[in-house]
Amino acid sequence: MRFDILTLFPEIFDSFLGESLLKKGIDSGKIEVLRWNIRDWSTSKHHKVDDRPYGGGPGMVIKPDVVVDCVEAVQRQAPPGKLVLLTPAGQRLTQQSVEQLATYDRLLLLCGRYEGFDDRIRLELEPWEISVGDFICNGGEVPAMMIIETVMRLIPGVLGDEMSAREDSFSEPGWVEYPQYTRPPEFRGRTVPGVLLRGNHQEIAAWRRDQARRRSTDRQQQSRNESAGESSAET
Ligand SMILES: C[S@@+](CC[C@H](N)C(=O)[O-])C[C@H]1O[C@@H](n2cnc3c(N)ncnc32)[C@H](O)[C@@H]1O
């Protein structure tokens, strides 16, 4: 699978691409990641990519001509991929949308900065707009890393058998994994549940199912309480 990252700060990805599972995926040829500096498509004397917002207000807005030229040129480098625009106003990233993203052979990840993009970029390019959560990052680079990290786990052969993504949390909506333990069997007076030490695989599987169900239910209840708190605070 190929990722094209379109950014004003390509160096942010240096160590991210050179470590751990992602590096292995790249070295094995299962993942390809290319970085493109949006600024290279600026035709102005000082390679300007942003300008003041019409109507006033703080900060700078990324210009439409530079970004659209950049995206169109990058698309032409290979069979066209799915364009993803990272924006707080987009569809919230979930494991289900990650699964959909993983069906593409090529993703272009368009990272904003400053006050974000001129809205005509969205209208012209009709990207899939994705938000990684209801909070504001300084730029789209960390959200793009989140997309790469989550999608790469679903590419066949990238995780070893010992790290199957099948049982991870959110492999079903709302479901979270059972608690995990390793050595030592006792840490500061806290012991590992006895069932995990006895080696009865059926008993362990039943315990894990039960723990996952409890944790998932508790978490769902917690989100319901949070939503109820938010709506009562609004009234
Ligand atoms: C400082 S933010 C701009 C925020 C914008 N003024 C607003 O209020 O929505 C700069 C860039 O970071 C990225 N970004 C910030 N938060 C994000 C989030 N939650 N999800 C996806 N991208 C985000 C976007 O690419 C955005 O254009």
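Ala, Val, Leu, Ile, Met, Phe, Trp, Tyr, Cys and Pro count as nonpolar, Asp, Glu, Lys and Arg as charged, and the others, Gly among them, as polar. On that basis, the shell around the ligand comprises ten nonpolar, eight polar and two charged residues. This is a predicted model, in which local features need pLDDT of at least 70 and side-chain atom pairs count only at pLDDT 80 or more, while totals for chains, interfaces and linings use all residues. Residues are numbered from 1 along each chain as its sequence is written.

**Ligand surroundings**
- The ligand is surrounded by 20 residues, a residue being near if its C-beta atom, placed from the backbone, lies within 6 Å of the molecule.
- The closest are L86, G112, G116, C137 and G140.
- Strand β5 (residues 82-92) gives the most to this shell, contributing four residues.

**Secondary structure and overall form**
- The chain contains eight helices and nine strands, assigned as DSSP runs (helices H or I, at least four residues; strands E, at least two) and numbered from the N terminus.
- The chain is more spread out than a compact globule, because its radius of gyration of 22 Å is well over the 18 Å that the globule rule gives for 235 residues. The radius is taken over C-alpha atoms, and the rule is 2.2 Å times the number of residues to the power 0.38.
- Along the principal axes, the C-alpha atoms fill a box of roughly 70 × 55 × 35 Å.

**Domains**
- Domain 1 spans 2-152 and domain 2 spans 167-234, with bounds from an automatic or database domain assignment.
- Their C-alpha centres lie 34 Å apart.
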